[in-house]
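Colleague: Before I rely on the words used for this model, I would like to go through them one at a time. Please set each value against its definition as we go.

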Amino acid sequence: MDKYVYSFGRGRAEGSSLMRNLLGGKGCELAEMTNLGIPVPPGLTITTQAWAQYSRGDRRWPDGLWDQVIEALTKLEGDSGLTFGDPQRPLLVSVRSGARVSMPGMMETVLNLGLNDKTVEGLAARTRNDRFAWDCYRRFITMFGNVVLGIRREVFDEHLDAIKRRLGARTDPEVPADELRKLTAAYKELVLARTGAPFPQDPREQLRLAINAVFDSWFAKKAVEYRRIHNIPADWGTAVTVMAMVFGNLGETSGTGVGFTRDPRTGEHRFYAEFLVNAQGEDVVAGIRTPERIEALRDRMPDIYAELLAIADRLERHYKDMQDIEFTVQEAKLYLLQTRSGARGRARGRRSGEGARARHPHRAHARAAPDAQRAAAPGVRRAGEGGGARRRTSARYGFAGGARCGGRAGRVRRRPGRRMGQVGPARDPRPTRDLTGGRGRHVRRAGHRHRAGRAHLSRGGRRRRHGQALCRWGQRRRGRRGAAGLRGARPCAWPSIW
Ligand SMILES: Nc1ncnc2c1ncn2[C@@H]1O[C@H](COP(=O)(O)OP(=O)(O)OP(=O)(O)O)[C@@H](O)[C@H]1O
Ligand SMILES: [Mg+2]
């Protein structure tokens, strides 16, 4: 029988970087990091081959897949010392998508899976933190409701916003445990009303449904559009990674962050990241809260900061490329949750230059003049050069591009000297994702600076629709659609995302 599931955890993984096509970028690099001895929560990855069988077989799981998942889950329970569905010591997992090439934010993820009315009490008792447990449960119902049951996220958020208004709370962490408990009950009623069925309480059923939803997210409209723009074959499919949750929302010694192993704008060797204390990963990528600069972590937890720097350095030397990482600190313990190569354009030039001096193996590349390297990196153009889609001052996250610039997903006229953001509900990552490779946090950062999001809805006296592009700077589009439209756009300078 085919092997569809590969485990990783406790310093050993069945996969590696070499298995990218089978395990997807996320799955293979988590396996690689595990083998390198970097702290990664244990987990399992379902292969793209399983996805292929599933999509060819009319959404039926291939024979043996469920058994293999359960077997790997049992190993995961052993590695984490927790049990899936156990009311006393519940194991919670995330269910994450991961294609063989990075498609940032285009597919789905469900966090905190495994919670139900019983396990939430167990989690509260074990952590002695009621607020934390109910916060996880309301997050889980929101994400599961949205990704798996297809209920719009805003519907859930309206309830939370109403509570915050009533309490006069400005941020989510200010909402106390008993309100979150009531909120969760309201969410469950909402699910019942919308779907006609109660919120699934069996963790295995939750897992099966979430894996299906992640498989299906390969066919989501935005993923299809992204593939079209980037010429990614539709039959590659996605792997699914199920991994033990680590919690950045466990208090003041916990938090979550994202960043680059060096400055993506200049290539300077300086850890370049942002961190959010007492938060889960989605808060950062979705722009729900404003992250702090990474120096906040250095001041609060110098040891963790030093460990993170050492890991960043190790990853860069291992991959010989700048890395884009996600990490979480749970009660002063650091975990890496993702790494992917992030260097292109200028950053790569600098990186390679340093590499040459340090006698790294990729010296040949370093000898090329920065301009030659830039020419070799498609889509990277300097301000003033004609025909560039966008100037990539950050390594990968050209900001002002995007299908929305191309006009397919929403058009807006742009005048020179205008910067671009997108109108979207502040807490929903999806409308703020840039289909050409930018992602929520950067769009959000830009939006923050220029008051995008809800506050932007009537900017300049003009009403704007959610998801509509805003451009306040830099570009005139020559009217072609999608990727072609991008090529026709003028370059624009994006001086800094901070
Ligand atoms: N097991 C986990 N424990 C804690 N946080 C997690 C876990 N799995 C994922 N996360 C966090 O949840 C967020 C979303 O996860 P994920 O990386 O799967 O999707 P994404 O970052 O939105 O998109 P992509 O990585 O595919 O571009 C990230 O911040 C990630 O670090
Ligand atoms: Mg990610």
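Modeller: The axes of helix 5 (residues 130-147) and helix 7 (residues 177-195) come within 8 Å and cross at roughly 20°; axes here are lines fitted to C-alpha atoms, for helices over the stretch in contact, and angles run from 0 to 180 degrees between N-to-C directions. Helices are DSSP runs of H or I with at least four residues, strands are E runs of at least two, and both are numbered from the N terminus. This is a predicted model, in which local features need pLDDT of at least 70 and side-chain atom pairs count only at pLDDT 80 or more, while totals for chains, interfaces and linings use all residues. Residues are numbered from 1 along each chain as its sequence is written, and chains are lettered from A and ligands numbered from 1 in the order in which they are written.

Colleague: Why are helix 5 and helix 7 called roughly parallel?

Modeller: Angles under 35 degrees count as roughly parallel, over 145 as roughly antiparallel, 65 to 115 as roughly perpendicular and the rest as oblique. The axes of helix 5 and helix 7 cross at roughly 20°, and the two helices are therefore roughly parallel to each other. Their crossing is left-handed, the term for a near helix turned anticlockwise from the far one by less than a right angle, with right-handed used if it is turned clockwise.

Colleague: Which residues of helix 5 and helix 7 meet?

Modeller: Among them are Trp 134, Tyr 137 and Ile 141 in helix 5, and Leu 180, Leu 183 and Tyr 187 in helix 7, where contact requires C-beta atoms, placed from the backbone, to lie within 7 Å. The residues of this contact divide into 8 nonpolar, 3 polar and 6 charged, with Ala, Val, Leu, Ile, Met, Phe, Trp, Tyr, Cys and Pro counted as nonpolar, Asp, Glu, Lys and Arg as charged, and the others, Gly among them, as polar.

Colleague: What makes helix 6 and helix 7 roughly antiparallel?

Modeller: The axes of helix 6 (residues 153-167) and helix 7 come within 10 Å and cross at roughly 150°, and the helices are therefore roughly antiparallel to each other. Helix 6 passes helix 7 in a right-handed crossing, and the residues of their contact divide into 9 nonpolar, 1 polar and 1 charged.

Notes. Two residues are in contact if their C-beta atoms, placed from the backbone, lie within 7 Å.
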